[in-house]
Amino acid sequence: MPDARLSAFAMGATVSDLVRVSLTVNGRAVVAAVEPRTHLADFLRHDLGLTGTHVGCEQGACGNCTVIVDGVAVKSCLALAVQADGCEIETVESLTTGEQLSPLQQAFKDAHALQCGYCTPGFLMTITALEQRNERLSREELRGELAGVICRCTGYEAIIDAAEEHLAGTAPRG
């Protein structure tokens with residue numbers, strides 16, 4: 001993992017420009033020094049090497065950079081790393097260890113819910129946050145919850161199918 005302080009220095013920062021952050025990322029404690037203006041997405045990708053968080057629009061419109069912060073789906077291009085101080089962050093890398101797909105990833109594979117895959121981390125993390133809320137959603141409500149992530153390839157039906165199938169196996173029965 002690259003040293004966050006060194007990467008900040010490479011961008012012209014001085015020691016007095018840096019802010020110390022302490023957070024948990026995918027279950028691992030992380031302490032780093034960052035520039036106050038560093039976006040959470042950039043911190044995760046460039047400083048921690050977690051490149052599964054994709055950055056598309058850098059304006060919060062595409063949702064490809066969605067991560068979970070303290071149980072809430074957050075567009076990490078709109079959050080600053082210093083705002084995550086003391087928080088627990090989950091990225092798409094948290095979904096699996098080793099080579100085996102997580103049940104959610106398997107549902108996406110089974111439903112053919114991806115093509116180029118660029119938007120997939122955003123959908124997976126949004127669905128993971130929904131799963132953690134542990135509530136039942138209608139197909140229309142699910143569609144609304146996933147509207148914050150843009151896909152330009154699939155037409156969404158397979159994504160909704162995969163999410164619905166996965167959540168049906170994890171939601172409480174009413």
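Modeller: One term before we start: a polar contact is a pair of N or O atoms within 3.5 Å; within protein, one must be able to donate a hydrogen and the other to accept it, and residues adjacent in sequence count only if both atoms are side-chain atoms. This is a predicted model, where local features need pLDDT of at least 70, side-chain atom pairs count only at pLDDT 80 or more, and totals for chains, interfaces and linings use all residues. Residues are numbered from 1 along each chain as its sequence is written, and side-chain values use heavy atoms, with hydrogens and water left out.

Colleague: Which side chain does the side chain of D161 make a polar contact with?
Modeller: D161 sits in helix 6 (residues 157-170); helices here are DSSP runs of H or I, at least four residues, numbered from the N terminus. The side chain of D161 makes its polar contact, at 2.8 Å, with that of R139.

Colleague: Is D161 buried or exposed, or partly exposed?
Modeller: Buried means under 20% relative accessible area, exposed over 50%, partly exposed in between (1.4 Å probe, protein chains only). D161 has 37% relative accessibility, so D161 counts as partly exposed.

Colleague: How many residues of helix 4 are buried?
Modeller: Helix 4 is mostly covered. The buried residues include F123, L124 and M125.

Colleague: How many disulfides does a search of the whole structure find?
Modeller: A disulfide is a pair of cysteine sulfur atoms within 2.5 Å. The search of the whole structure comes back with zero.

Key
Helix = DSSP H or I, 4+ residues; strand = E, 2+ residues; numbered from the N terminus.
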